[in-house]
Amino acid sequence: MRIAVLSRSEEFHSTRRLLEQARARGHEAHLLQILHARLRVTDKLDCFFDGAACPAVDAVVPRIGTFFPEFALTQLRALESAGVWSLNSSRAIETARDKLRAAIELAANGIPVPRTVLVKDLDQLDVAIDDVGGAPVVIKPISGSQGRGVMLGPTHESAISILEGMIFQSREVLVQEFVTDHSGSDLRVLVLDGVPVVTVRRRASEGRFRTNFHRGGSLERVATIADVEELAVRAAGAVGLRFAGVDLVLGKNGPQVLEVNPSPGWQGIESALGVDIATLVVQCLEASGDRSSGDQSPGDLGAGAKR
C-alpha cells in the first residue's frame with residue numbers, strides 16, 4: 001500500500017511514528033510537507049511537493065495543526081479530488097477545527113456541551129458572560145489546538161479585560177462555561193474507526209488550568225467508563241471524524257464534550273502508557289481497501305482499531 005502523511009515536519013512524534021510503522025509493515029510511505037507544497041488551478045486542482053508532482057498514493061493521514069491550516073486543507077482537498085482516501089476528510093477537519101461549528105453539530109446530535117457564546121461587540125461582553133453562567137469562564141479563539149490561546153477568566157472583571165484585548169486584535173472569540181469535575185482534570189478518549197482505543201485522564205500542572213500534554217499536563221490511563229466512551233464515539237461521528245481526540249469532563253450533570261480534535265497528538269500516550277497508536281492507525285488504513293475519498297463516517301471501515 002502507498003501511504004502518505006500530510007504534515008509540517010517529520011520531527012513531530014506522530015508523523016515520524018506513522019512513517020516508521022507504515023514502512024515496518026511493508027508499505028511505501030511518503031512525507032508530504034505542508035510548507036513545501038505548491039498549488040495550481042487549471043481545469044483541476046494540482047498539488048506539488050518540493051517542486052515535483054505529488055507521488056501516487058492510496059491513502060493519506062492528515063496531520064494538520066494551527067500553522068496555515070487553510071493551505072493544508074486545500075492540499076488535502078487536492079488529494080481527495082485525485083481519489084486518495086483520507087483517514088479524516090477535509091470537510092470533517094474543517095468542521096472540527098471551527099470550535100463554534102463543532103459545538104453546534106454536537107448539540108444538534110444530542111451531545112451535551114458547555115454553554116458557549118460567540119461575541120464580537122464590546123457592548124455584549126457582560127451579557128455573554130452571564131449567558132454561560134457567569135465567571136469563571138473559559139475564553140478561547142474560534143480555532144486552534146493544544147490549548148493555544150485558551151485562557152481562564154476567573155472573575156467577571158478579568159474576563160472582560162481578556163475579551164476586550166482579544167477583540168481589539170480582531171480575533172473571533174468564544175466565551176464558554178467553565179465546567180470541571182472534583183479533581184480539576186478532564187478526560188481524553190482517542191477514537192479510531194468508531195472504537196474508543198484508549199481513555200486517559202489529563203491533569204494540569206500546578207498553577208495552570210489547561211490539561212494539554214504539550215502544556216505540561218500529566219496523563220494516566222483510566223478504566224473503561226462506558227458512558228464517556230460511548231459519548232466520545234458519538235461526538236467523533238457527529239463531526240464526521242474517523243480519528244479524533246475527544247475531550248470530556250465529568251461535571252455535576254454528567255459527562256460533557258469540551259472539544260473534538262481532528263489531529264490529536266499521542267506522544268504522551270505512547271511514551272507513558274505504551275499504547276501503540278501509530279500501528280493502529282496504519283492497520284486502519286490497511287482495512288480501508290478501495291474506499292473512495294470524500295465524506296466518510298466512522299464505522300464504515302469495520303476492522304480498524306482494537307483495544
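This is a predicted model: local features need pLDDT of at least 70, side-chain atom pairs count only at pLDDT 80 or more; totals for chains, interfaces and linings use all residues.
Figure 1. Strand S8 and strand S11 (residues 173-177) run antiparallel and are joined by 4 bridges. The sheet to which they belong is open and has 4 strands in the order S8-S11-S9-S10, with antiparallel pairing. Its edges are formed by strand S8 (116-119) and strand S10 (151-153), each of which pairs on one side only, and from one strand to the next the twist averages 30°. Helix H6 (residues 156-168) packs on this sheet, where it touches S8, strand S9 (137-141), S10 and S11, and the direction of H6 makes about 10° with that of S9. Strands of a sheet pair through backbone hydrogen bonds, either parallel or antiparallel.

**Figure 2. The packing of helix H3 against helix H4.** Helix H3 (residues 90-97) and helix H4 (residues 99-108) pack at an angle of about 100°, and their axes are 5 Å apart. Because angles of 65 to 115 degrees count as roughly perpendicular, H3 is described as roughly perpendicular to H4. On the H3 side the contact is made by Glu94, Thr95, Ala96 and Arg97, which meet Lys99, Arg101, Ala102 and Glu105 of H4. By residue class, the contact of H3 with H4 divides into 2 nonpolar, 1 polar and 5 charged residues.

Figure 3. The structure holds 2 cavities of 30 Å³ or more, and about 120 Å³ of space lies in the largest cavity. This largest cavity is lined by 14 residues, of which Lys99, Ala103, Gln176, Leu258 and Glu259 are the closest to its centre. The elements that give two or more residues to the lining are H4 and strand S16 (254-261). Taken by class, the lining of the largest cavity divides into 9 nonpolar, 2 polar and 3 charged residues. Lys99, one of the residues closest to the centre of the cavity, is also among the H4 residues that meet H3.

**Figure 4. The second largest pocket, with strand S4 and helix H2 in its lining.** The second largest pocket contains about 260 Å³ of space. Its lining comprises 15 residues, and those that lie nearest its centre are Asp46, Cys54, Ala78, Leu79 and Ala82. Two or more residues of the lining come from each of strand S4 (45-49) and helix H2 (69-81), and S4 gives the most, with 4 residues. The residues of this lining divide into 12 nonpolar, 1 polar and 2 charged.

Figure 5. Two loops are shown here for their backbone geometry. Asp50 lies in the loop between S4 and strand S5 (52-53), and phi of Asp50 is near 55°, a positive value in a residue other than glycine. In the other loop, between helix H5 (125-131) and S9, lies Pro136, which is joined to Ala135 by a cis peptide bond with omega at about 0°. As background to both details, most residues other than glycine have a negative phi, and most peptide bonds are trans.

Notes
Residues are numbered from 1 along each chain as its sequence is written. Side-chain values use heavy atoms; hydrogens and water are left out. Axes are lines fitted to C-alpha atoms, for helices over the stretch in contact, and angles run from 0 to 180 degrees between N-to-C directions. Angles under 35 degrees count as roughly parallel, over 145 as roughly antiparallel, 65 to 115 as roughly perpendicular and the rest as oblique. Contact means heavy atoms within 4.5 Å. Ala, Val, Leu, Ile, Met, Phe, Trp, Tyr, Cys and Pro count as nonpolar, Asp, Glu, Lys and Arg as charged, and the others, Gly among them, as polar. On a 1 Å grid over the protein atoms alone, a cavity is a set of points where a 1.4 Å probe fits but cannot get out, and a pocket is an open set with protein on both sides within 12 Å along at least five of seven lines; lining residues have an atom within 4 Å of a point. Grid points are joined across faces, edges and corners, and a volume is the space filled by probe spheres set on the points. Two strands pair if DSSP finds at least two bridges between them.
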